[in-house]
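Keep the structure open as you read.

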There are 2 protein chains.
Amino acid sequence: MARTEIATLGEFGLIKHLTDKITLQQPTTKKGVGDDAAVMAYGTKRTLVTTDLLLEGIHFNLEYVPLKHLGYKAVAVNLSDIYAMNGTPTQITVSLGVSARFSVEDLEELYAGMRLACENYKVDMVGGDTCASMNGLTISITCLGIANDKDIVYRNGAKVNDLICVTGNLGTAYMGLQLLERERIANKGVRQGDSIPAFEGREYLLERQLKPEPRRDIIEQLRELGIKPTAMMDVSDGLSSEIKHICHQSNVGCAIYEDKIPIDFKAAEVAEEMNLNIVTCALNGGEDYELLFTCDLKDYEKLVTMHDVYLVGHITKPEYGTMLIGRNGEELELQAQGWQAFNN
Amino acid sequence: MARTEIATLGEFGLIKHLTDKITLQQPTTKKGVGDDAAVMAYGTKRTLVTTDLLLEGIHFNLEYVPLKHLGYKAVAVNLSDIYAMNGTPTQITVSLGVSARFSVEDLEELYAGMRLACENYKVDMVGGDTCASMNGLTISITCLGIANDKDIVYRNGAKVNDLICVTGNLGTAYMGLQLLERERIANKGVRQGDSIPAFEGREYLLERQLKPEPRRDIIEQLRELGIKPTAMMDVSDGLSSEIKHICHQSNVGCAIYEDKIPIDFKAAEVAEEMNLNIVTCALNGGEDYELLFTCDLKDYEKLVTMHDVYLVGHITKPEYGTMLIGRNGEELELQAQGWQAFNN
């Protein structure tokens, strides 16, 4: 039988390949594969569903991620997907695969983090599955949410001349990861308890990596201002990859201005120390869990009053492509490095 | 810090320990942890959610499970949980962790099996997550379903004198697994393609292990006859473990009659060959995915007209305990061996 390596398709190619043949037949299914969450009509409101699988050694490294933070983050990234649909998360289910390396106390820590995220965002943990594993820790979380049909924001609604906005700052979670990784290597051979990692003044970067907060506050601001974005998603793989998803699904192009991309100054400082280009980190770093959305020009006056929202560009005709405009006006095609873990 | 081994609590003890502190705060949550599925009220109907995590080497062995069957079974066991609530499954999400050992063609096989189960049971695959893994194959499936509030059957409604029913036969999937395992060991050292496993005439046992069918037909029969069970769950861990769940949650006891437990004659034959007690296999074997339910005595006349439903005992006062009545009238307390994988 033919053997095609998964790496030749990449993550998105693989998912498209495997899900292309699916035909939907349930009248309650309104939107299947292809957005931050699926959409179902069980009643007057819509129900949203999203799911994430986290594997030890791929998505997290317990050498520097405390279990409580890991639990918090595992929930947070799912909530982020529901907010990215302009919905409200309501319930999660949690499945764990746990090897004998872990104790009951370890799992209590993990659960404490998950419970804290649930409490902070008023979400109920309603079920799951816990089983033995031979290889480390596996966490699978599914999040349900609700939204009015008319409020749901998909990825495919961006129109020519729409404004492109991002929240918070980008590349910071990636720089936090670099800091953790550098310290991990530096501390190898040092006895436990001896090392004091040199993170002083850079706690924010670590927090962005270890304990991201989904942007419920932005969704609430948008509601209060009466703004409905034309397209939206959360930034889990980096701005380049995400804006290309929106452009592809909306059949439009974009111009992103390099000097408008929000960068944290501490992140920039660490990037310089490490000889990394912070803009490249912001475009491709991933795990920021900020929101990326597009809005009609008519909302401009309201948008500029929003806290922690930044205009980074505008939507163009599709033939223009997905472009990054450099500081000197030069135009570069955005590259979606995204997620290449299958090559490892 | 104290270290408590997970094995000291066991699966159910661990889940109880970790989920005891959960407080539900969402008005849409009607039932959280503790049944075959969680129950939410998003509209006039109820929404059901269940989830399962399957890990290579723990839940399946690819040496004898074809990927297409694995995909089918992974979906089937989730559908079974929704039927066990007397609901109708409607959507699934699928998350996969896949190591570089697997090719695109392998995943196509897996998906073909999942799609087939979806088609057979009219369920939509609406989303998921696919990522690289360092260690084999991980499958996480979440299933959504719907039910009228008044139709949902929980585990806690069994009453004294209710009849106890099981569908199909028990222990057969376990005997199928024993056959596969025996052949795997016998074929070690044999070149691939050389071996013809000695399964002739025993295909049914293999099918029960490799491609279980959730009992939608039973749910449909119950509806047509106007029977609403007082308690119900699916038999995934063995009859002993499951009836003890129902008795515990309903605060009742039970008497199960050994000679009433439905046994497939081929399964009994293989058990004898292997020096196994088929009744022990039926009580503790697991993976049959049959339904276990209790009914009010008034439904007796209707129950006996049902196809593939067997009366195996009755519900007693709690002080009687959960008893197995042997062929000679001797009484034995049922032992829930259930799932002890954390001891491995």
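Chain A and chain B bury about 6700 Å² between them. Of that area, 62% is on carbon and sulfur atoms. This is a predicted model.

**Interface of chain A and chain B**

- The contact involves 81 residues of chain A and 81 residues of chain B.
- On the chain A side, A:Leu18, A:Tyr42 and A:Val104 supply 10% of the area buried against chain B.
- How many salt bridges does the rule find across the interface of chain A and chain B? It finds zero.

**Salt bridges**

- Over all chains, the structure holds 49 salt bridges.
- One of them pairs A:Arg155 with A:Asp36. Their closest N and O atoms are 3.2 Å apart.
- A:Arg155 sits in the loop between strand 6 (138-147) and strand 7 (163-167) of chain A. A:Asp36 sits in the loop between strand 1 (29-31) and strand 2 (38-41) of chain A. The pair therefore ties together parts that are 119 residues apart in sequence.
- In general, side chains of opposite charge can pair when their charged atoms come close.

**Helix 4 and helix 5 of chain A**

- Helix 4 (residues 172-186) of chain A packs with helix 5 (residues 203-210) of chain A at an angle of about 105°. Their axes are 7 Å apart.
- Helix 4 of chain A is therefore roughly perpendicular to helix 5 of chain A, as angles of 65 to 115 degrees count as such.
- Helix 4 of chain A brings A:Thr172, A:Ala173, A:Tyr174, A:Met175, A:Gly176, A:Leu177, A:Leu179 and A:Leu180 to the contact. Helix 5 of chain A meets them with A:Tyr204, A:Leu205, A:Leu206, A:Arg208, A:Gln209 and A:Leu210.
- By class, this contact has ten nonpolar, three polar and one charged residues.

**Helix 4 and helix 8 of chain B**

- The axes of helix 4 (residues 172-186) and helix 8 (residues 265-273) of chain B come within 9 Å. They cross at roughly 45°.
- That angle makes helix 4 of chain B oblique to helix 8 of chain B.
- Which hand does the crossing of helix 4 of chain B with helix 8 of chain B have, left or right? The crossing is left-handed.
- B:Thr172, B:Met175, B:Leu179 and B:Arg182 make the contact from helix 4 of chain B. B:Ala267, B:Val270, B:Ala271 and B:Glu273 make it from helix 8 of chain B.
- By class, five residues in this contact are nonpolar, one is polar and two are charged.

Conventions
Residues numbered from 1 in each chain as written. Chains lettered and ligands numbered in written order. Predicted model: local features only at pLDDT ≥ 70, side-chain atom pairs only at ≥ 80, totals over all residues. Heavy atoms only, no water. Axes fitted to C-alpha atoms, helices over the stretch in contact; angles between N-to-C directions. Helix = DSSP H or I, 4+ residues; strand = E, 2+ residues; numbered from the N terminus. Parallel < 35°, antiparallel > 145°, perpendicular 65-115°, else oblique. Left-handed = near helix turned anticlockwise from the far one by under 90°. Contact = heavy atoms within 4.5 Å. Nonpolar A, V, L, I, M, F, W, Y, C, P; charged D, E, K, R; others polar. Buried area = accessible area lost by both parts, 1.4 Å probe. Salt bridge = Lys/Arg side-chain N within 4 Å of Asp/Glu carboxyl O.
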